[in-house]
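Hello,

Here is the structure I said I would pass on. My notes on it follow below.

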Number of protein chains: 2
Amino acid sequence: MRIGELAARTGVSVRSLRYYEEQGLLVSTRSGGGQRHFTHDDIERVDFIQRLYVAGLSSRTILELMPCRYAPSDENSDAALDRMAQERDRLSAHIKELLHTRDSLDDLITAARADRDDRRTAA
Amino acid sequence: MRIGELAARTGVSVRSLRYYEEQGLLVSTRSGGGQRHFTHDDIERVDFIQRLYVAGLSSRTILELMPCRYAPSDENSDAALDRMAQERDRLSAHIKELLHTRDSLDDLITAARADRDDRRTAA
DNA sequence: CTTGCAGCTCACATTGATGTCAGGTTTTAG
DNA sequence: CTAAAACCTGACATCAATGTGAGCTGCAAG
């Protein structure tokens with residue numbers, strides 16, 4: 001499929017897909033006049049990339065993890081595996097922080113509601 | 001305390017503290033020749049700001065939440081409260097996504113390890 | 001008083017992912 | 001064949017938080 005279709009199917013902009021390719025996250029074959037062609041598998045791949053972006057990984061880091069998923073027999077896979085475990089831990093720590101922050105927000109909301117209700121009752 | 005001390009106590013750079021003030025997240029009194037003075041409470045306040053930054057809120061959004069925490073009797077507090085609940089939900093959704101991503105990474109790690117071990121056993 | 005660290009303002013640089021525009025080519029539909 | 005729609009490259013713009021440097025001033029210790 002051409003880039004526009006991949007964009008439509010993944011919800012990622014054409015611009016971003018070209019950028020992913022430029023960063024080595026995505027590979028395309030060029031057809032005739034130079035237009036990119038992608039396979040059906042690339043849809044899942046783009047989804048995966050997106051997920052890692054959401055998790056706060058940079059394109060550089062995502063690139064390092066790619067062999068682990070798409071070329072698991074590579075000799076670099078040990079390093080990629082370590083990298084992945086490391087990112088998993090980072091993500092876990094981040095999640096923990098966010099849970100903590102959410103608790104803070106909950107406390108704040110509860111306090112603010114109580115405060116507001118106090119004021120309303122007093123008024 | 002002066003800005004350098006606040007920076008040291010919070011682990012936030014002097015540059016960033018000035019930026020926070022510029023964005024209205026922080027208020028200082030100016031002493032004599034124009035130097036900023038902060039109170040002890042500002043330490044906790046900066047920590048709070050940092051936490052929200054980590055949670056992915058922008059300075060603009062954080063600013064909107066401030067009345068809720070530091071001026072709860074303000075008439076804007078209803079709006080701030082809504083905003084805060086909204087951000088809480090956004091954060092919750094984000095956490096859910098991250099948990100999902102972490103699961104993906106776990107699966108990947110598990111698969112990659114099995115794959116590697118297979119290769120080692122085969123060799 | 002002097003010296004030096006800390007602070008001030010202003011302004012420009014950086015980073016990363018993405019938007020956007022321009023000018024040209026390919027592909028597809030009619 | 002032709003027009004429109006999709007694609008190409010390349011370059012510049014954007015946003016937000018922060019870094020950095022210049023040039024100047026405040027403040028505290030010797």
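α2(A) gives the largest share of the surface near DNA strand C, with four residues. Please keep in mind that this is a predicted model.

DNA side. Around DNA strand C there are 21 residues, and those that come nearest are A:S13, A:Y19, A:S59, B:G4 and B:R36. By class, the residues of this surface are four nonpolar, 10 polar and seven charged.

- B:R36, through an N or O atom, at 2.7 Å
- A:Y20, through a polar atom, at 3.2 Å
- B:R30, through a polar atom, at 3.3 Å

The elements giving two or more residues to this surface are α2 (14-22) of chain A and, from chain B, α1 (3-10), α2 (14-22) and β2 (35-37).

Protein interface. Chain A and chain B are in contact through 38 residues of each. About 3500 Å² is buried between them, 68% of it from carbon and sulfur atoms. Four salt bridges cross the interface; one of them joins B:R88 to A:D106, with the closest N and O atoms 2.7 Å apart. Six residue pairs are in polar contact between the two chains.

On the side of chain A that touches chain B, α3 (41-54), α4 (59-70) and α5 (77-122) of chain A each give two or more residues. α5(A) gives the most, 28 residues. That side divides into 17 nonpolar, seven polar and 14 charged residues.

Regards

Note on methods: Residues numbered from 1 in each chain as written. Chains lettered and ligands numbered in written order. Predicted model: local features only at pLDDT ≥ 70, side-chain atom pairs only at ≥ 80, totals over all residues. Heavy atoms only, no water. Near = heavy atom within 4 Å. Polar contact = N/O pair within 3.5 Å; in protein donor to acceptor, adjacent residues only side chain to side chain. Nonpolar A, V, L, I, M, F, W, Y, C, P; charged D, E, K, R; others polar. Contact = heavy atoms within 4.5 Å. Buried area = accessible area lost by both parts, 1.4 Å probe. Salt bridge = Lys/Arg side-chain N within 4 Å of Asp/Glu carboxyl O.
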